[in-house]
Amino acid sequence: MVRGTTVATRRRWPRWLRSPDFVVGSVFLMIFLGLAVFGPMLVPADTNQLNVMQRFKAPSAEHWFGTDAVGRDILGRVVAGTRISLLVVCIVLPIAVGIGTLLGAIGGYFGGTLDSFIMRVTDVFLAFPGFILAMAVNAVVGPGLTGAMIAIAFVWWPGYARLIRGEVLMLKGTTFVEGARALGGKDARILWRHILPQTITPVVVKMTLDVGYIILTTATLSFLGLGAQPPTPEWGAMVNEGRAFIIDYWWWSTFPGLAITICVIGFNILGDGLREVLDPHKRL
Amino acid sequence: MLRYILGRAIGLVLVILGTVTVLFLVQEMIPGDPIRAFAGERVRAEQVEILRREFGLDKPLYVRYGTYLWNLARGDLGLSLTSQRRVQEDMRAYLPATLELAVVSIVIIAALGIPLGVLAAQHSGRALDQVTRLLAFVGAGLPVFWLGLMLMILFYGKLGWLPGGGRIAFGLPRLDGPTGSYLLDSLIAGNFQAFGSTVAHLVLPVVTLALGRLTVVTRLLRSTVLEILHEDYIRTARSKGVSERKIGFKHALRNAATPAITILGLQFGWILQGTILVEVVFSFPGIGYYAYNAMINHDLPVILAFTLVIAITFVVMNFLVDTLYAVVNPKLRTW
């Protein structure tokens, strides 16, 4: 709820429009998706095309974000990077949510030794900085975008397992679940049809926030030379490429990093807005 | 309270054991043959087998797991493939720099985050509060490595106020003090030139590390203090005519001490994982920089040892926070 609005305006506007966070976040999301889908049509087709005559050009009307050491347009590469970030999220997030939901639901619903075991495993994962583990896994599996995605999915699922388990545990005791069981519903069906649909709100909010953090983690791994490898126009990899020239040609590392920042903040705002819209009681 | 701490200690051992196991299994998952990779393509198959026996890699999984645990228990982290030295020796040389960076950062976060949190709570809903909310959003989104580069462009490249990297100016004599911390060692030696140089070299890395977490700490502390400000005893204090400043910093903050310890303790993990990025950006010779070079050279024993050191430091830190929490919190004393 927005403070200071009158009853009349509350009635007039639908709920989702009354959350400024949600509106700002949605606009951001549309721009992000628009750039990922249509962006490549707006910028030069081949963002890896070398053009040595145009190297190290400062930002200008022709090259808004300037050019890099081999004359590639940085704006074009930042736009192309949107698609890579989206791709990583679209692969990593479903895997993490899938594994987490499966283990969390089983643990929460059936309880017992299996549940304790799953929770001890998630304890170990959540007990120390996830990024460091992702880094180690990425280094072991081998540098590259695939390695980064495996590493991120590997450290990301326990958060969802915890979340889902808590929700399932809470819902298990409710009357509608007892009713379904009294009617002879099978466990799998009760879980799938009655319990899991109720857990969607917190999961969707967490997923929205995680989009930004997954993009940030991918970029950080790439910055360390583990994730995407040059010449892939991944934001973190681009920041790393420009690092050696940072003092003389500031724009090379600056703009891709700015894109990462805006993404994380954007999805954070969207997540907060979604929380307000979907669940006004739990507003932080 | 003793039972509480004992329970925590058992949890600590279990988590460390779990971490070690996860790392061991990650090592085992390596696609390809590590011995072949180590020996190179030209070495004959029989020789590879000899090497395999030498490294004990021909033994079954549980035997290798046992050996791995035994070596770790003795403090042996393995052999670095690039430096050909024991990893623990390298770690010992690089760790003080990282700890200095982390400790100074956490002190700065506490020194600024606590008063800011109290002030934001007292000005809840007003301009100052809104500014901290906005900063928290930005702080959570800023990639640490990028923030470091931006600060470097500004304060080293454009303004030239601060050094752009390293731990101390070139040309100054090596500091071989007892603590390994350049700040303390230079003071003990009475070498103020070295002390000044160390401080100058710490400013940008510390600001980079602390900024994002500072905003988070401020927000977390704000909500804690805000809750306390609604308590009856605060209203009593106010009706007695106690000044707002005294209410905030004495009455409210004292009651927010336990959550504040937890909030600050949890930041240590974030700081630790941030050190590797900051050390890379500023060529700061700590264990993160060491691990980064290992990653470039695919020196797996070093990378895994680094992960383990960070994980154990983090878990032990959490244990200390929990223990401190029990000592400070009177509710837990009756246990």
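Biologist: How many salt bridges are counted between chain A and chain B, and what makes a pair one?

Modeller: The count between the two chains of this predicted model is one salt bridge, a term that requires a side-chain nitrogen of Lys or Arg within 4 Å of a carboxyl oxygen of Asp or Glu. A:D21 and B:R133 have their closest N and O atoms 3.3 Å apart, which is within 4 Å, and therefore the pair is called a salt bridge.

Biologist: Which elements of chain A give two or more residues to the side that touches chain B?

Modeller: They are α5 (130-141), α9 (200-223), α10 (235-243) and α11 (251-278) of chain A, and α11(A) supplies the largest share, 11 residues.

Biologist: What should I know about how residues are named and which ones are used?

Modeller: Residues are numbered from 1 along each chain as its sequence is written, and chains are lettered from A in the order in which they are written. Local features need pLDDT of at least 70, side-chain atom pairs count only at pLDDT 80 or more, and totals for chains, interfaces and linings use all residues, while side-chain values use heavy atoms, with hydrogens and water left out.

How values were computed. Helix = DSSP H or I, 4+ residues; strand = E, 2+ residues; numbered from the N terminus.
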